[in-house]
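Work through the exercises below on how two parts of one chain meet. Try each task before reading its solution.

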Amino acid sequence: MKVIVNGKIIQKDCILENKVLVFDKKIIDICDKAPKNCEVIDAKEMYVSPGLIDIHIHGSKGSDTMDGSLEAINIISNSMIENGVTSYLPTTMAMDKECVHKAFEIIKKAMSNHSQGATVLGVHMEGPFINEYYKGAQNSEFIIKPSFEFIKDYTDIIKIISYAPEVDKGFEFTKDIKKNTDIILSICHTNSTYENAKAAIELGASNITHLFNAMSPLNHRDPGVVGAALMTDVYCEMIADKIHTNKDIFQFVLNNKGKEKIILVTDSMRAGCMEDGEYELGGQVVYVKENSARLKNGTLAGSVLTLNKAVYNFFESTNLKIHEAIALASINPAKSINIENKKGSLDIGKDADISLFDKKMNCYLTIVEGKEVFNKII
Ligand SMILES: [Zn+2]
């Protein structure tokens, strides 16, 4: 049994001071005094936070989910813990079927044999069922019509499918997914009308992938996907790097969606946590410079954001308190993929996924399912 003392314990609706957090593999107790014979960790007045959860990340530290190797997944898992992320969904891109399926197989292996870094929760499949008009940095060569056949052998590991509902004729795919699987449908890379997006949401699409980016915008006569996102109760991913979205838009979305329905993601590509330079994403060259990743034509191609930085950016730019901003990257993503009974908050009985952050959300210690995996406390 271990105990964290001298920290500010982040809860969903408050911050607890002068309490201790007791855990082994799970959270055992939050109480006034450390039980005897425990290993004691001094939090040095930092935030004791639930481990962050990134439901949309392609890569980091030079590796990408589409590399199709366990080594690449392990590199990503080990890089995220330095930013306080304790679990995530490796995210695939539009590529040929063999490459996408190979990535699925590797993710399956990483899930069944968790040995290092952050926990792999499953797959976020972004594309290939998207609209070429809003392809963003996805490679148009590999865009195809939604097909249940394509995913049918992997319904146990796919957690999210990001797709364009308007290319799903008669919503056949949408209905098949909702009827036969627990997979979350997330709307993205889409030129859907407001009406079409609302129809998909009524049929069960429950998330919006990187709100505002790669989708029909809000117009007062033609509200588009952004309108449908803001006027229904879907979860909305946001890439809070202040590049994909102006920072003043954070409060605007908060006012419209409320703090329960925003999920911070990184959408980081392999150049995350690396130096500026030339990288690859989905078979295309990406130029990374001054915190942005772009194709040659200037199109944004994922990000180099980290999730702790996203939380801080959002906190700094809105009226949220720090524990409320942390919730956007912990309990909200957990709820959106139905794992809130196990992860996303420091509640008794949940997995001991814990991160220590200073006031600027720099990470000093990361614990995954009770195991210390990163420590730079001096
Ligand atoms: Zn992405």
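Predicted model: local features only at pLDDT ≥ 70, side-chain atom pairs only at ≥ 80, totals over all residues.

**Exercise 1.** State how the chain is divided into domains, and how far apart the domain centres lie.

Solution. Start with the bounds: domain 1 takes in 2-47 + 357-375, and domain 2 covers 51-342.

**Exercise 2.** Describe the extent of the interface between domain 1 and domain 2 by residues in contact and by buried area.

Solution. Count residues with heavy atoms within 4.5 Å of the other domain. This gives 20 residues in domain 1 and 19 residues in domain 2. Then turn to area: about 1500 Å² is buried between the two domains, and carbon and sulfur atoms account for 71% of it. On the side of domain 1, the residues that lose the most area to domain 2 are Lys12, Met361 and Val368; together they make up 33% of what that side buries.

**Exercise 3.** Find how many salt bridges and how many polar contacts link domain 1 and domain 2.

Solution. For salt bridges, the rule finds 0 across the interface. For polar contacts, the count is 3 residue pairs, both residues at pLDDT 80 or more.

**Exercise 4.** Which elements give two or more residues to the side of domain 1 that touches domain 2, and how do the residues of that side divide by type?

Solution. The elements are β24 (363-368) and β25 (371-375). Of the elements, β24 gives the most, with 4 residues. Sorted by type, the residues of this side of domain 1 comprise 11 nonpolar, 3 polar and 6 charged.

Technical notes. Residues numbered from 1 in each chain as written. Heavy atoms only, no water. Domains from an automatic or database assignment. Contact = heavy atoms within 4.5 Å. Buried area = accessible area lost by both parts, 1.4 Å probe. Salt bridge = Lys/Arg side-chain N within 4 Å of Asp/Glu carboxyl O. Polar contact = N/O pair within 3.5 Å; in protein donor to acceptor, adjacent residues only side chain to side chain. Nonpolar A, V, L, I, M, F, W, Y, C, P; charged D, E, K, R; others polar.
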